[in-house]
Amino acid sequence: MSSISIDSERLLGRIRSLGEIGRGIDGQLIRLAASDTEKLGRDQFVTWARASGLDVAIDRIGNVFGIWKSEGSDGEPILLGSHIDTVINAGIFDGCYGVLAGLEVIVTLKEAGLLPSRPIVVAAFTNEEGVRYAPDMMGSLVYSGGLEVEDALSTVGTDGSILGEELARIGYAGDRQPGFLKPHAYIELHIEQGPVLEREGIQIGAVENLQGISWQKVTITGDANHAGTTPISMRRDAGYAAARVVTFLRDRAKASNTPTVATVGCMQFAPNAINVIPSRATFTIDLRDPDEDRLQQEEAALAAFLEILGQEESVTIDVERMARFEPVKFDDGIVTKIETAAASRGLTTRRMTSGAGHDAQMIARIAPSAMIFVPSQAGISHNPKEYTPDADLIAGANVLLDVVQALAMRGQ
């Protein structure tokens with residue numbers, strides 16, 4: 001077992017303190033990317049980082065880095081982190097736990113007088129959630145070279161704002177070029193956001209891969225007409241056609257013995273009147289699978305169904321690809337270190353797949369990466385009921401501490 005452990009009171013206190021930043025009078029926690037409330041969250045993180053003796057750097061896409069370069073450390077850094085932007089009416093752990101635990105690991109090593117051979121850096125990446133600006137995981141995507149910084153900065157948000165202008169307005173348009181630090185390794189600690197660990201009574205998830213994600217926006221165009229006088233057989237009903245897509249996706253996923261999942265998360269009708277047949281339906285489709293071949297098969301099956309649907313319902317169907325990320329296989333060496341660290345502290349562990357997207361899948365493009373999961377009560381996330389017991393939060397942070405030591409100390 002490691003001879004040192006994190007300061008649990010400090011870590012838990014900071015998680016709860018950050019969890020109050022951005023909370024409105026209605027009690028909802030909202031820190032959308034580059035908003036006024038997220039600025040306050042960023043300011044608090046920077047304050048804690050600087051008070052801990054870290055150098056703070058900000059790149060052009062607004063990613064914030066707390067850098068510890070101890071005496072004698074050199075070479076590529078160990079990078080830790082996640083994000084502090086939230087969804088609307090969020091819980092307090094998603095993303096924030098990984099950022100603050102990363103900071104806590106660095107502070108713990110500093111206070112113990114340990115001198116790692118490599119710099120250790122904690123990052124808070126911009127716009128991981130993708131609620132205000134698309135795509136999600138934008139800061140880490142830009143950092144890893146998957147999206148040009150100028151294209152990202154010119155992104156128009158759901159409220160009409162421009163990301164680059166908003167970052168400048170809140171004081172987080174940095175001068176460092178994204179990717180200025182090439183990580184030796186990246187580890188992200190996160191709540192599971194799913195029910196597996198709690199259901200199986202496992203304390204630590206060693207995440208070995210991450211699902212591929214396909215986001216599409218579908219627009220179906222028919223004819224508006226009177227709901228009472230137009231016979232069913234004569235309708236070009238965009239709403240009904242959209243409903244057929246929803247049931248097709250659900251039925252296909254239920255009939256499969258694979259882990260494929262499909263979700264229609266947003267839908268709008270026009271003219272959106274109770275007594276008018278919809279002339280247009282616009283909706284999103286989220287397809288996920290940890291196997292690239294299967295994900296492509298699901299995309300192809302959907303495309304074939306949409307072609308047939310258009311003919312059968314006499315509607316026009318247009319598809320726009322919103323985002324596409326291939327499945328990610330994390331570094332087996334780091335995953336093994338996570339398992340070893342958990343075992344040394346007497347914690348149960350299992351290898352697992354992440355069903356959600358994370359910054360780790362982007363950083364894995366440029367450095368060996370892996371994730372550590374801790375249980376989520378009832379699998380709830382993106383919800384104020386999101387909860388992980390203190391003991392599990394502490395256990396995950398201590399495993400992260402031990403993995404960092406294994407990667408950053410001499411000879412590693």
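Which residue has its backbone oxygen 3.0 Å from a polar atom of the side chain of Arg132? Take me through the surroundings too, please.

A: That oxygen belongs to Ala33: it lies 3.0 Å from a polar atom of the Arg132 side chain. Before going on, a word on ground rules: this is a predicted model, so local features need pLDDT of at least 70 and side-chain atom pairs count only at pLDDT 80 or more, while totals for chains, interfaces and linings use all residues. Residues are numbered from 1 along each chain as its sequence is written, and side-chain values use heavy atoms, with hydrogens and water left out.

Back to the arginine. The Arg132 side chain also makes a polar contact of 3.2 Å with the side chain of Ser161. Polar contact here means a pair of N or O atoms within 3.5 Å; within protein, one must be able to donate a hydrogen and the other to accept it, and residues adjacent in sequence count only if both atoms are side-chain atoms. Leaving aside residues up to four places away in sequence, Arg132 touches Leu32, Ala33, Ala34 and Ser35, along with Gly157, Thr158, Asp159, Ser161 and Glu166, where contact means heavy atoms within 4.5 Å. Arg132 counts as buried because its relative accessibility is 9%; buried is under 20% relative accessible area, exposed over 50%, and partly exposed in between (1.4 Å probe, protein chains only).

Arg132 sits in the loop between strand S4 (120-125) and helix H4 (138-143). For those labels, helices (H or I, at least four residues) and strands (E, at least two) are DSSP runs, numbered from the N terminus. Pro135 is in the loop between S4 and H4 as well, and a cis peptide bond with omega of about 5 degrees links Ala134 to Pro135. Another cis bond, again with omega of about 5 degrees, joins Ala270 and Pro271; Pro271 is in the loop between strand S10 (267-270) and strand S11 (276-277).

Gln193 counts as buried because its relative accessibility is 18%, whereas His382, at 40%, counts as partly exposed.

Zooming out, the chain has 12 helices and 16 strands, and 56% of its 412 residues count as buried. Its C-alpha atoms fill a box of roughly 80 × 45 × 40 Å along the principal axes. Among contacts with a separation of 6 or more, 80% are between residues 24 or more positions apart.
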